[in-house]
Amino acid sequence: MAIIAGLLRRMLVITVTIALVGLVWWAATSIWDVPTYLIPPPSEVWTALTTSSSFFLTNARVTATEILLGLAVATGAAVAWAALIVSVDIVRKAVFPLMVVAQSAPKEALAPIFIIWWGFSATPKIVMASLIAFFPILVATVVGLERFTREQQLLASSMGAGPLRRFFSFRIWVALPSFLSGIRLGVTLAAIGAVLGEYLGSDKGLGYMIVTSARQLNGGFLYGALISLMIMCWAMVRAVDVAELLLLRGTRAGKGF
Amino acid sequence: MRTESQQAASEAGRQFGSGAIGTSMSLVLPMVSAIVVGLIWFGVVALFDIPKYILPSPETVVASMFENRSALFNEAQATGLIAITGLALSVAFGVPLGFVIARYKPLRRVLMPPIVAIQSIPKVALAPLFVAWLGFGAAPKLIITTLVTFFPLTLATIVGVESITVTTSQLARSIGCRSFGLVRYIWFPSAAPYIAAAFRTAATLAVVGTLVAEFVGSAEGLGNLLLIASGNRDTTLAFAAILVVAALGMVFYGGASLIARGATARLGSEYMRSKTT
């Protein structure tokens, strides 16, 4: 019950905030007579969104696919590497410090090269998304797996769990909270990668809509696409929160580390 | 929530990056890997006869770097200037804002949810909007860079202040530490490690933010050079520019680490002194 009440209150706060922002936005555009290509009134954005809803949806689907595929590739690779890093000592000593360093390298600079290699297709966007999202997920997964203490290992063994059982029935669950916060970071980063790829070379997707409508000074479409993108990313991050809530229900980890 | 994994990352950095292996190794390893990557790159290009416009060999990239050194230097300077200014603005406003939010509970309850929500939004995606508003000058780039680096610093400051235990603040109050003194001698030293970690992250984010803003709309900077080079299918120059971006990122990260370490050490000793007197 407490959870539901909390959710309702949060929904209320969000609704009020959105309403307030919309009101200020509307008031600002009607008082100061700003050019509509700079800041269109909310009504214009609403018109663009509703009259061309299928166009928005098609492009949003393209971008969402790129983000999710990028995230999936990054997660798969990160989990594989993390398993290798925590189980093979040499790999950990040789590779993991590099991965931590690589986390802060400006990988976005490679985007124009990816466009040269793969053109306007979805590939450069997915590669960019997974490249940026990979490192934080990897680091978070390794940190999570490292949280499996000697005592927990002994406890698992005392229950008769072999190495495989220890890993899959115990260690993974210990690592889950940290892994999920890695995923949460990864979602936003994958979105940045996908949209950046679309900015640099594409013929569809929300990023494509944003750059073209910015160039054509089409305020309604520009704001509509930006808002769609923001809502989409926010919803994806929230989905991770919900997954966390469900997976860690009733555990101590569910209340934080 | 996000700060947890940031913390985890820095924890990992401490544990594996320097602590367990040693600082000399953490310098040697990237160098060794750079050499290994260079060798693989060289081998792949030589072995598979890859055309130059797809993947130029490392020596032609280095030659191009040398040939275009003045252009690369100028563009790196332009990018670096924007990144530093944006970072400085974020520190100047983001950290004090963090203290203010941490200080006033009602403010925190109102502002924390949007700040956390903003963290999950890809802010660099807003670049085309600012370019449409403000044109190809420095302003949109500066706004993007500040926007990208601002919130991690604010959030870290808040988390840092919240890490202060009740006993510490009660003790401080009992010895007559009030408003300014409290901020200066208790809050700032306690939040300093958090701010330092966020500052290091923000320094690399600043380079990335400026670069992306330059991709979207700019008449100068490394991002612009990269776009022009890739538009001309001058992949060699593009790779040269990428290496310069990577170097700039390292300079920013290294510089930020030094500044952060210096500031934390200094404030830490001040903290000790204030406790003994």
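Author: Happy to. Keep in mind that this is a predicted model. Let's start with Glu220(B) and Lys141(B), whose side chains meet in a salt bridge at 4.0 Å, N to O.

Reader: What makes the pair of Glu220(B) and Lys141(B) a salt bridge?

Author: The rule asks for a Lys or Arg side-chain nitrogen within 4 Å of a carboxyl oxygen of Asp or Glu. Here the N to O value is 4.0 Å, so the pair is counted under that cut-off.

Reader: Which parts of chain B does the pair tie together?

Author: Glu220(B) sits in the loop between α9 and α10 of chain B, while Lys141(B) belongs to helix α7 of chain B, so the bridge joins parts 79 residues apart in sequence.

Reader: How do you know whether Glu220(B) is buried, partly exposed or exposed? And what about Lys141(B)?

Author: Buried means under 20% relative accessible area and exposed means over 50%, with partly exposed in between. Glu220(B) has 39%, so it is called partly exposed. Lys141(B) has 2%, so it counts as buried.

Reader: Which residues do salt bridges with shared partners join into one network?

Author: Arg184(A), Arg238(A), Asp241(A) and Glu244(A). Within it, Arg184(A) and Glu244(A) form a salt bridge with their closest N and O atoms 3.2 Å apart. That pair links distant parts of the chain: Arg184(A) is in helix α8 of chain A and Glu244(A) in helix α10 of chain A, 60 residues apart.

Reader: Why are Arg184(A) and Glu244(A) given the burial label they have?

Author: Arg184(A) has a relative accessible area of 1%, so it is buried. Glu244(A) comes in at 12%, so it counts as buried too. The cut-off for that label is under 20%.

Reader: What about Asp203(A) and Lys204(A)?

Author: They form a salt bridge, with the closest N and O atoms 3.8 Å apart. Asp203(A) has a relative accessible area of 45%, so it is partly exposed, and Lys204(A), at 43%, is partly exposed as well. Over all chains, the count by this rule comes to 8 salt bridges.

Reader: How do you know that Arg171(A) has no salt bridge?

Author: Its nearest side chain of opposite charge, Glu146(A), is 4.9 Å away. Leaving aside neighbours within four places in sequence, Arg171(A) is in contact with Val86(A), Leu145(A), Glu146(A), Phe148(A) and Arg166(A).

Reader: What joins the two chains, and how many salt bridges cross their interface?

Author: The rule finds 0 salt bridges there, and 3 residue pairs in polar contact. About 4,100 Å² is buried between chain B and chain A, and carbon and sulfur atoms give 80% of that area. The contacts involve 47 residues of chain B and 47 residues of chain A.

Reader: Which residues of helix α6 of chain B are buried?

Author: Ala127(B), Pro128(B), Leu129(B), Phe130(B) and Val131(B). The buried residues of α6(B) pack against α8, α9 and α10 of chain A, together with α7 and α9 of chain B. After α6(B) comes Gly135(B), with a positive phi near 80 degrees.

Reader: Which residues have the most contacts inside the largest nonpolar core?

Author: That core has 128 residues, and among those with the most contacts inside it are Phe96(A), Leu229(A), Ile144(B) and Leu222(B). The largest share of the core, 18 residues, comes from α9(B). A second, separate core has 7 residues, including Ile101(B) and Met112(B).

Reader: And chain A overall: how many helices and strands?

Author: Chain A has 10 helices and 0 strands. Of its 257 residues, 46% are buried.

Technical notes. Residues are numbered from 1 along each chain as its sequence is written. Chains are lettered from A and ligands numbered from 1 in the order in which they are written. This is a predicted model: local features need pLDDT of at least 70, side-chain atom pairs count only at pLDDT 80 or more; totals for chains, interfaces and linings use all residues. Side-chain values use heavy atoms; hydrogens and water are left out. Buried means under 20% relative accessible area, exposed over 50%, partly exposed in between (1.4 Å probe, protein chains only). Helices (H or I, at least four residues) and strands (E, at least two) are DSSP runs, numbered from the N terminus. Contact means heavy atoms within 4.5 Å. Lys and Arg count as positive and Asp and Glu as negative; His and the chain ends are not counted. A nonpolar core is a set of buried Ala, Val, Leu, Ile, Met, Phe, Trp, Tyr and Cys residues joined through side-chain atoms within 4.5 Å. Buried area is the accessible area (1.4 Å probe) that two parts lose on being put together, summed over both. A polar contact is a pair of N or O atoms within 3.5 Å; within protein, one must be able to donate a hydrogen and the other to accept it, and residues adjacent in sequence count only if both atoms are side-chain atoms.
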